[in-house]
Structures are given as C-alpha cells and as structure tokens.
Amino acid sequence: MWRSTSIFIQISILFAIAFASFLAVSLFYVKVQPGIESIKQYNIIVAAIGKMRQYNASMEGIKSFLEEENFYEVPITEYMQERIAQEPAPHPGSFSVSVIQDGNDIFIALRTMDNFVVYQDPIAFNWSKYHMLTFMGALILVIIYITLMKRLMPLSHIKNEIAIMANENEIRPIVWGSKNQDEIGELVREFNHSVEKLKAVGEARTLFLRSIMHELKTPITKGRIVAEMVIDSKQKQRLCGVFEKLNSLIDEFAKIEQLASKNYMTKKIEIPLQEIVKEAMQMLLIDSNNNDNIVFLHHDDLVKVDFHLFTLCIKNLLDNGIKYSIDSKVIIESRAKDLVIKNKGEKLKLDVNEYFKPYFKDIKNPLSQGFGLGMYIVKTTLDTQNFELEYLYEDGYNMFIIKDCIVENFCRLDNALRD
C-alpha cells in the first residue's frame, strides 16, 4: 500500500493515528487519573484520622480536624445512606470513618452506632487544568502537521511541473522551492542545473548539425554543377543522381533535426497517396516509369497527412522493404483506413520497438546496413502526426501498418506513377 500511496496521504494517515492515540491517552488521563488522585488525597485524610484514633481522638476532635482542613458537613443523600448501610456498624461507644464516592464527588463519612455525618472538601477538583493540557497538546500536534505539510508542498508543485513538461515535451527550470534552504531546495537547484546543461548540450548539438549540413551543401552544389559538364550522358546521369541523393539526405537530416528539437510545425493536408509514393520514389532515385521494385495496388486513396513528414516515412519504409525482402519488392496496399507496406522476407528477430531506437544495428541480421536511423525516422515522423504504426507477420510477409491515415478509398485519379 505504501509504495503506491502519495507521501502526503501517508503523512496524513500517520498524523491521524498519532492524533487519535494522543486523544485516547488524554481522555483516559482526564477521566480516570484525576479520580484516582482524588481518592488518594482523601485516603491521606482518612489515614491521618486513623492515626488520630490510635491516640484515642474523639469524634469531636476529628470533626475539628476536618473543619481545619476546610471540610464542611453536607446533607445526607439516599445514595449515601445505602452505601453506609452496607458497611458493618461500629461497636457501642465507638465510631468508624469511611470514604464515599458519588460520581466525581468524594465524601468522608463519620458513623456512630446511632447516626452519621458526612463531610466534603470545599475545593472542587481542578478538571480544567487537564482539559487545557489536552487542548494544548492537540493544538501543538495540528501545528506540527500543518508546518510539515507546508514544508513538503513544493514537492507537489515540482511533480505537477514535471508532469506538464512531459505532456508538452519541453524541459525547463522549476521555480517552486528553488529558494528553500533545505533538501527540497537543493533537489530543485540540482534539477535546474541539469536542465541548463541539457539545454546547452542540445543547443550545441543543433548548432553542430546545422553547421555540418550547411557546409555539406556547398560541395554538393559544386559537384552537381561539375556533373552537368560531363559529356557522357550515362555517367552524367549517374553523377547527378548521386548528388541529388546527397542533397536529399541533407534535407532529410534537417527535418530529423527539427523533429528532435521540437521545432517542426506539422501541417496536415488531404492529398492523393500516389503523390506521396511518387515523391518517395524520386527520393530513392527510382524511376516511376521503369519500376519493378514497388507494387502499388491502390492508386485512388486519399490521405490526410503532413506531406513532407509522411513522404519521409514512406521513403524509409520502401527503402527498408527493398533492402530486406527476398525478392527486392515492396507492396503498397490499403485496408479500409489503414495503409499497409509489406515485403516478403523473414520475420523480425527482435521486438519491433527495438528497431525504433536511433542508431539501432541488428547484429542478428547480416543484411543490416546504414546508420540504423530508418525505422527511428519512420516512428518519429508518424508520432509527430499522431499516427500509430503496427507490425504484423502474415503468410511470409513483414507488414508495417499505418493506422487511420486514409480518409477516402474511392477518389478516382489518373495513375500518375505510370504516366
């Protein structure tokens, strides 16, 4: 129970137990102990009277002693008569002394064979003293509880701040408790220090990546210009294709950097699926008019996606599908609102979530190539668009299913991939 319960609830429960225990002990002391002490005080008086009787003190002398101790005679009640009647009568010419308790009142009775008198202490027992002590103790406990909860309150604000950061995918310093000169303040300050370091590392990474991409753009552009000057058309086409591929990779890395730094603003539009596939094939340098690698079964589907991110996703799924299929073919089809990209091959050796990690290398697959970013890019681009990716293995096919991305299945369009 304690592991799953808030620390504030735990403290409240412990306080409630302590408070109830204190009240129980106080109630016992207030209700029982004062009565016991009163009886002890009266017993002392009775003992003193017993000493006087050993020296043959008369009943009148004892009455005088009681009056000196501020006792006074009180009327005899029916309850007193019943109590005295239960005790043995004294011998003729003698008297007895006894203590009678009636509720919170205690009396001393002097009885002869013929009659008896009852005395009571005129000073009532000071019950208010014990009530005041109980009240003060309870008040102190409440003050301690409130003070402790107030000191721990920054923990609740810190938890809420971290939860908001998680929902917003943003990390920032925490203000609550940062000025406290205690362990909570130290915790917040260490957290803020870590945030500053992480931000500095992130900014340095972003600057580094952008600098590299910027520096690579220049030689790629120059190489593209030089390639255009090659006389041999076949060689020229190959070189231009290489530089186009490099330029495409730079643009792809730029989008990945924007996604990683949460700086990319998605913009979903309705667009024919064949336009996405056509663009993805161009990024892969696949000629749509002379293509044996990609089988596109449904050309009339309409999707609502971010064009650039979804194209990047499809491009990587097609690239992986061609690389790791046993026949170098990928099939694109739709199932209701879901888009399916599948290839014939062996089932994934590991859990699919392992392949979504950046720089993942499957050591069990000898065909594994590249930097291990393909599936990471696929997952990241789909998460940014709030699409779910599902993996299935059916009838010898690896199937990657993008859920709920198709908005229409009957939009009739010309087959642009075959024009």
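Trainee: Let's start with a cysteine: is Cys313 buried or exposed?
Mentor: Keep in mind that this is a predicted model. The cut-off for calling a residue buried is under 20% relative accessible area. Cys313 has a relative accessible area of 0%, so Cys313 is buried.

Trainee: And how many disulfides does the count come to?
Mentor: A disulfide needs a pair of cysteine sulfur atoms within 2.5 Å. By that rule, the number of disulfides comes to zero.

Trainee: Then how far from Cys313 is the nearest cysteine sulfur?
Mentor: Cys313 is in no disulfide. The nearest cysteine sulfur belongs to Cys405, and the distance is 8.7 Å.

Trainee: What about the partner, is Cys405 buried or exposed?
Mentor: Cys405 is in no disulfide either, and its nearest cysteine sulfur is that of Cys313, 8.7 Å away. The relative accessible area of Cys405 is 1%. With the limit for buried at under 20%, Cys405 comes out as buried.

Trainee: Which residues of α9 make the contact with α11?
Mentor: Helix α11 covers residues 374–384. On its side, the contact is made by Gly374, Met375, Ile377, Val378, Thr381, Leu382 and Thr384. From α9 come Leu309, Phe310, Leu312, Cys313, Asn316, Leu317 and Asn320.

Trainee: How is α9 oriented relative to α11, roughly parallel or roughly antiparallel?
Mentor: Their axes come within 9 Å and cross at roughly 150°. Angles over 145 degrees count as roughly antiparallel, so α9 is roughly antiparallel to α11.

Trainee: Is the crossing of α9 and α11 left-handed or right-handed, and how do the residues of the contact divide by class?
Mentor: The α9 and α11 crossing is left-handed. By class, the contact of α9 with α11 divides into nine nonpolar, five polar and no charged residues.

Trainee: Which residues of α11 are buried?
Mentor: Several residues that meet α9 are Gly374, Met375 and Ile377, among others. The buried residues of α11 are Gly374, Met375, Ile377, Val378, Thr380, Thr381 and Leu382.

Trainee: At what angle do α8 and α9 pack?
Mentor: Helix α8 spans residues 273–283 and helix α9 spans residues 307–324, with their axes 8 Å apart. The packing angle is about 60°, and that makes α8 oblique to α9. The crossing of α8 past α9 is right-handed, at that angle of about 60°.

Trainee: Which residues of α8 meet α9?
Mentor: On the α9 side are Phe307, Phe310, Thr311, Leu312, Ile314, Lys315 and Leu318. By class, the contact of α8 with α9 has nine nonpolar, one polar and three charged residues. The α8 residues are Leu273, Glu275, Ile276, Glu279, Ala280 and Met283.

Trainee: Which residue with a positive phi follows α8?
Mentor: In α8 itself, Leu273, Gln274, Ile276, Val277, Ala280, Met281 and Met283 are buried. After the helix comes a phi near 60°, and the residue is Leu285.

Trainee: Where does Asp395 lie, and is Asp395 buried or exposed?
Mentor: Asp395 is in the loop between β10 and β11. Asp395 is not a glycine, yet it has a positive phi of about 55°. At 75% relative accessibility, Asp395 counts as exposed.

Trainee: Which residues does Lys63 touch, leaving out those up to four places away in sequence?
Mentor: Lys63 belongs to helix α3, residues 59–68. At 17% relative accessibility, Lys63 counts as buried. The residues Lys63 touches are Leu110, Val117 and Tyr119.

Trainee: How far apart are the C-alpha atoms of Thr112 and Ala89?
Mentor: Thr112 is in strand β3, residues 105–112, and is buried at a relative accessible area of 18%. Beyond its neighbours within four places in sequence, Thr112 is in contact with Met59, Pro90, Ser94 and Phe95. Ala89 is 23 residues from Thr112 along the chain, and their C-alpha atoms are separated by 7.5 Å.

Key
Residues are numbered from 1 along each chain as its sequence is written. This is a predicted model: local features need pLDDT of at least 70, side-chain atom pairs count only at pLDDT 80 or more; totals for chains, interfaces and linings use all residues. Side-chain values use heavy atoms; hydrogens and water are left out. Axes are lines fitted to C-alpha atoms, for helices over the stretch in contact, and angles run from 0 to 180 degrees between N-to-C directions. Helices (H or I, at least four residues) and strands (E, at least two) are DSSP runs, numbered from the N terminus. Angles under 35 degrees count as roughly parallel, over 145 as roughly antiparallel, 65 to 115 as roughly perpendicular and the rest as oblique. A crossing is left-handed if the near helix is turned anticlockwise from the far one by less than a right angle, and right-handed if clockwise. Contact means heavy atoms within 4.5 Å. Ala, Val, Leu, Ile, Met, Phe, Trp, Tyr, Cys and Pro count as nonpolar, Asp, Glu, Lys and Arg as charged, and the others, Gly among them, as polar. Buried means under 20% relative accessible area, exposed over 50%, partly exposed in between (1.4 Å probe, protein chains only).
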